[in-house]
Amino acid sequence: MDSYLLWKKKACKTHETKQASWLVQKILKAKQYMTDVGANLDEILDKKNITINYIYKMLKQDHQKMPWRKLICKNGGMPKWIFILYVAIMGKLATRDRLGRWGITNDLLCPMCNEEEESMKHLFFKCIYTTTIWEKLLQWMNVNRRLMEWSQEIEWACNNFRGRSANAEIYRIALVSCVYYVWQERNHRIFRI
Ligand SMILES: [Zn+2]
């Protein structure tokens with residue numbers, strides 16, 4: 001039964017069946033992925049040399065490459081740091097301005113300075129607390145420029161430190177660790193954990 005189901009075209013034309021083994025059922029389910037991306041199964045099966053690379057590229061499809069991908073993908077920092085940077089770049093950190101809009105909190109003050117409303121733009125890097133840290137790190141890396149808004153900081157890093165040089169590696173790690181530990185400290189002040 002299994003060998004029958006696995007036979008190329010027959011497998012593609014076979015519907016899922018509970019009689020088949022777990023492995024065969026997985027193979028049969030895979031054809032749904034191919035159909036979903038608009039692949040022509042008959043055309044694929046007619047090819048003489050079909051490779052995993054070909055299938056992968058077909059499933060992956062072409063998407064616009066995000067300019068910040070190298071900050072994330074070529075970052076030597078710890079995975080948990082990179083995850084927080086990714087969430088920050090996507091603008092999804094649960095800062096108090098967002099929590100306020102969702103009706104979760106009425107306290108919108110930044111827990112670091114207790115002076116202004118907490119938002120992504122404030123935290124990175126307009127708050128006096130985080131500004132001091134990031135300025136010190138820039139000085140340490142011999143980067144002489146004014147601090148910029150969050151989106152500009154990311155854009156600047158992507159344009160100036162995307163290579164494989166030691167300076168670029170250090171800059172990316174400094175940025176990702178700074179964002180992570182600022183967020184940790186902010187959470188610590190709120191939740192006392
Ligand atoms: Zn602040």
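Reader: What makes helix H10 and helix H12 roughly antiparallel to each other?

Author: In this predicted model, the axes of H10 (residues 128-140) and H12 (residues 166-191) come within 11 Å and cross at roughly 160°. Angles over 145 degrees count as roughly antiparallel, and H10 and H12 are therefore described in that way. The crossing of H10 and H12 is right-handed.

Reader: Which residues of H10 and H12 meet, and how do they divide into nonpolar, polar and charged?

Author: From H10 come Thr130, Ile133, Trp134 and Leu137, which meet Ala174, Cys178 and Val182 in H12. Of the residues in this contact, six are nonpolar, one is polar and none is charged.

Reader: How do you know that the end-to-end distance of helix H3 agrees with its number of residues?

Author: H3 (residues 22-36) has 15 residues, which at 1.5 Å a residue should span 21 Å, and because its end C-alpha atoms are 22 Å apart, the two values agree. H3 is hardly covered, with one buried residue among its 15, and the helix is followed by glycine 38, whose phi is positive, near 80°.

Reader: Why is asparagine 114 called exposed?

Author: A residue counts as exposed if 12 or fewer other C-beta atoms lie within 10 Å of its own; asparagine 114 has 10 such neighbours and therefore counts as exposed. Asparagine 114 lies in the loop between helix H8 (96-101) and H9, and has a positive phi of about 55° although it is not a glycine.

Reader: What makes asparagine 142 count as exposed?

Author: Asparagine 142 has 7 C-beta neighbours inside 10 Å, and so it counts as exposed. Asparagine 142 is in the loop between H10 and helix H11 (150-160), and its phi is positive, near 60°.

Methods
Residues numbered from 1 in each chain as written. Predicted model: local features only at pLDDT ≥ 70, side-chain atom pairs only at ≥ 80, totals over all residues. Axes fitted to C-alpha atoms, helices over the stretch in contact; angles between N-to-C directions. Helix = DSSP H or I, 4+ residues; strand = E, 2+ residues; numbered from the N terminus. Parallel < 35°, antiparallel > 145°, perpendicular 65-115°, else oblique. Left-handed = near helix turned anticlockwise from the far one by under 90°. Contact = placed C-beta atoms within 7 Å. Nonpolar A, V, L, I, M, F, W, Y, C, P; charged D, E, K, R; others polar. Expected span 1.5 Å × (residues − 1). Buried ≥ 20, exposed ≤ 12 C-beta atoms within 10 Å, placed from the backbone.
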